[in-house]
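The sequence and the model come first.

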Amino acid sequence: MAYTYQRKGRLECLLCPHHCRLSEGEVGICKVRENRQGQLSLPYYGVLSAVANDPIEKKPLYHFYPGSSILSVGFYGCSFHCPFCQNYQIAQYTPERVEGRVEPEELVRQALSQDTKSIAYTYSEPTVHFEWVMETARIARSKGLKNVLVSNGYLNPQPAAELLEVMDAANIDLKSFREEFYRNVVGGHLAPVLAFIRQAAASLHLEVTTLIIPAYNDTEAEMREISSFLAELDPNIPLHLSRYYPAYRFDAPPTKADSIFALRKVARQRLNYVYPGNVGSQEVTTYCPGCGAALITRRGYRVENRGIKDGSCLACGRPVDFPV
Ligand code: SF4
């Protein structure tokens, strides 16, 4: 379904909560959806910024076939304008000249020819390329592949339902629990992101990432709100607390690793699985919520599932509540 609407000579895009109203020749906030002669045009359909085989832990997804590799595809453009964006070269810019498009069938063929179970739609914001992602994900599923969405979660409920239907897992950013942060820093609103996370939690395997930025979202009070919100949905949702490093327009020093560990302690009062991200070569362990035994250990992208046997904790026999 095309999420557009004609209103007073302009084309309204109904895909994300920005609801851009586009006059002839205008492009949306995401820079990749355009009004051409009264019709929605997608000048970057199938234009990929990257295709790479990644460890699934890099998405980050820690509870979805740990240790597997995933064919990861990136795009151009984004519905947010985060001044600390780590991928701003592809998220905040679009190429002037399009050199080659990848058809959905071609990408799926590539995935099938490699040692991978799944495809990740990632790096920049995939949801603004809704049509290509939907088409690819449907074909991928029909061939037995899993689909993984890595997104800012800024999508209206109807397209979100369609998209989540063809996805198997997702990692969604919850950048802050403050409307002012979404409005003033990244250019969006908090409520639609929370709604998307609720929808995703009810539909597929969900993990959530919060990039911790000093003086923006690093208080214990805010971490209590984030973790309470997620715990109400499901205390087994893994939360990744990722360390900020200077990028794009932000040059403040990186978040201290100690701050990440202190916030993890706060979040773990409500959530069973909270992981530090971008903290170097430190070992990151998944413990059994039943007996506390180590189930999975990770050092960098080296993953060992030694505490799991036949889908259960080796020490206490409690079934592991995620696909391994
Ligand atoms: S998807 Fe793009 S064009 Fe559509 S409403 Fe969102 S920002 Fe605007």
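The ligand is surrounded by Cys 13, Leu 15, Cys 16, His 18, His 19, Cys 20, Gly 28, Ile 29, Cys 30 and Arg 33, where a residue counts as near if one of its heavy atoms lies within 4 Å of the molecule. By class, this shell holds six nonpolar, three polar and one charged residues. Here Ala, Val, Leu, Ile, Met, Phe, Trp, Tyr, Cys and Pro count as nonpolar, Asp, Glu, Lys and Arg as charged, and the others, Gly among them, as polar. The ligand sits in the largest cavity. A cavity is a set of points, on a 1 Å grid over the protein atoms alone, where a 1.4 Å probe fits but cannot get out, and a molecule sits in it if more than half of its atoms lie within 2 Å of its grid points.

The model is predicted: local features need pLDDT of at least 70 and side-chain atom pairs count only at pLDDT 80 or more, while totals for chains, interfaces and linings use all residues. Residues are numbered from 1 along each chain as its sequence is written, and side-chain values use heavy atoms, with hydrogens and water left out.

The chain has eight helices and 18 strands, which are DSSP runs numbered from the N terminus (helices H or I, at least four residues; strands E, at least two). Its radius of gyration is 20 Å, close to the 20 Å that the globule rule gives for 324 residues, so the chain is as compact as a globular protein of that length. The radius is taken over C-alpha atoms, and the rule is 2.2 Å times the number of residues to the power 0.38. Along the principal axes, the C-alpha atoms fill a box of roughly 65 × 45 × 30 Å. Of the 324 residues, 52% count as buried; buried means under 20% relative accessible area, exposed over 50%, and partly exposed in between (1.4 Å probe, protein chains only). Among contacts with a separation of 6 or more, residues 24 or more positions apart account for 63%, contact meaning heavy atoms within 4.5 Å.

| Residue | Relative accessibility | Class |
|---|---|---|
| Thr 210 | 0% | buried |
| Val 266 | 5% | buried |
| Tyr 248 | 23% | partly exposed |
| Val 98 | 32% | partly exposed |

Thr 210 is found in strand β11 (residues 205-212). Beyond four places in sequence, its contacts include Leu 174, Asn 217, Ile 226 and His 240. Val 266 belongs to helix α8 and, with neighbours within four places left aside, is in contact with Glu 220, Met 223, Arg 224 and Ser 227. Val 98 lies in the loop between α1 (88-91) and α2 (104-112). Not counting residues up to four places away, Val 98 touches Pro 43, Tyr 44 and Val 47.

Some backbone angles also stand to be listed. Most residues other than glycine have a negative phi, and most peptide bonds are trans. Lys 31, in the loop between β3 (21-22) and β4 (34-36), has a positive phi of about 70°. Tyr 248, in the loop between β12 (239-243) and α8 (257-267), has a phi near 55°. The peptide bond from Lys 59 to Pro 60 is cis, with omega near -5°, and Pro 60 is found in the loop between β6 (50-55) and β7 (69-74).

Note on methods
1 Å grid on protein atoms, 1.4 Å probe; cavity = no way out; pocket = protein on both sides within 12 Å on 5 of 7 lines; lining within 4 Å.
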